[in-house]
Amino acid sequence: MTFSSRRSFLVQSGLLVAASALGCRRSESPAVILTSQRSVTQTLEGIPATDGAGVRLTRVIGQPALRNLDPFLMLDRFHSDDPGAYINGFPNHPHRGFETVTVMLDGRMRHRDSRGNSGLIAGGGSQWMTAGRGLIHSEMPEQVQGLMSGFQLWLNLPAAEKMCPPAYQDHAPEQLAEERLSPSGSRARVIAGNMNGLQGPVRERPTQPLLLTVALEDDRPFALDLPTDHTAFAFVSAGEVDLGPETASKTVREGSLALLGPGNQLRVRAKNRRSELLIAAARPLREPIVQYGPFVMNTREEIQQAFDDYRAGVLDRG
């Protein structure tokens, strides 16, 4: 969708009038949707961390300053052209009670699990894994010209679905929904949810997520619709980006997370150089979060049960 389209014009003007109001039938009260711009309420930088077999990464959500952002539990940024920083990968480890999302920008990641499932996440692709009741899996990098770059995001599951069967949604780069945003090549790639009519391939999830990556090649602004009641953030992985209303935008620099306030639209504009960002929104669950390492449940008793099941070798049985 471009700015020249009728719908974009109406949305950015602040009014979207239902088609029925334009016909001959008299309407007592035409449907009107008011646009409210989301603003940046807080920014923070990620901190250096290690995970797996010594993989060096940046922890953004899940650090002391931001333990979680309901329903987001963790956001890690990994980016290195030094194989020593990541080559040992993430050997076998368990999960229960949430979903993991791997977004590969460069490089490849091979995954295998205790149920015999395996696959390869290629650069530009993604994987949405629902751990549910539980599984034990590994994620091992495979070099492509030495560079490994991407994100891992954890999303909580509601209590009613924490013990659902595990499932995968693997998507090759060409399966993601892509939209050109400017003549110079700026683009958005949607993994989950709907961005201005562009639908990502991930099947419907309990938190109704929107997840996309954006690469900006110029300073032309664009606006994207966000569900009003969703928790939302943007992480700038390259360059500098202005976020928020034109008269009250905030510059967010590379390596920083921007927490977004209420509203149903976000204005984005790159500053003086090429910029990239990850944008996410999801419905908050507003349930107790009890996390211990790779297990996320609602009570301490459920966490203890997860440990007991893991030690007994039945975490992924059921």
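Tutor: First, a term: on a 1 Å grid over the protein atoms alone, a pocket is an open set of points with protein on both sides within 12 Å along at least five of seven lines, and lining residues have an atom within 4 Å of a point. A volume is the space filled by probe spheres set on the points, which are joined across faces, edges and corners. This is a predicted model: local features need pLDDT of at least 70, side-chain atom pairs count only at pLDDT 80 or more, and totals for chains, interfaces and linings use all residues. Residues are numbered from 1 along each chain as its sequence is written, and side-chain values use heavy atoms, with hydrogens and water left out.

Student: What is the volume of the second largest pocket?

Tutor: The second largest pocket is lined by 25 residues. L105, R187, T213, A215 and E276 lie nearest its centre. Its volume is about 320 Å³.

Student: Which strand gives the most to the lining of the largest pocket?

Tutor: Strands are DSSP runs of E, at least two residues, numbered from the N terminus. The largest pocket has a volume of about 520 Å³. Of its 24 lining residues, the closest to the centre are D51, R59, M74, D76 and W154. β3 (55-61), β4 (72-80), β5 (90-95) and β11 (148-156) each supply at least two lining residues; the top contributor, with five, is β5.

Student: Which residues are in contact with V268, leaving aside its neighbours within four places in sequence?

Tutor: Contact means heavy atoms within 4.5 Å. V268 belongs to the largest nonpolar core. Its partners beyond those neighbours are L216, R220, P221, F222, L224, V241, D242, L243, L277 and I279.

Student: What share of the 318 residues in the protein chain is buried?

Tutor: The secondary structure of the chain comes to two helices (DSSP runs of H or I, at least four residues) and 26 strands. In soluble globular proteins, nonpolar side chains tend to be buried together. In this chain, the buried share is 52%.

Terms used. Buried means under 20% relative accessible area, exposed over 50%, partly exposed in between (1.4 Å probe, protein chains only). On a 1 Å grid over the protein atoms alone, a cavity is a set of points where a 1.4 Å probe fits but cannot get out, and a pocket is an open set with protein on both sides within 12 Å along at least five of seven lines; lining residues have an atom within 4 Å of a point. A nonpolar core is a set of buried Ala, Val, Leu, Ile, Met, Phe, Trp, Tyr and Cys residues joined through side-chain atoms within 4.5 Å.
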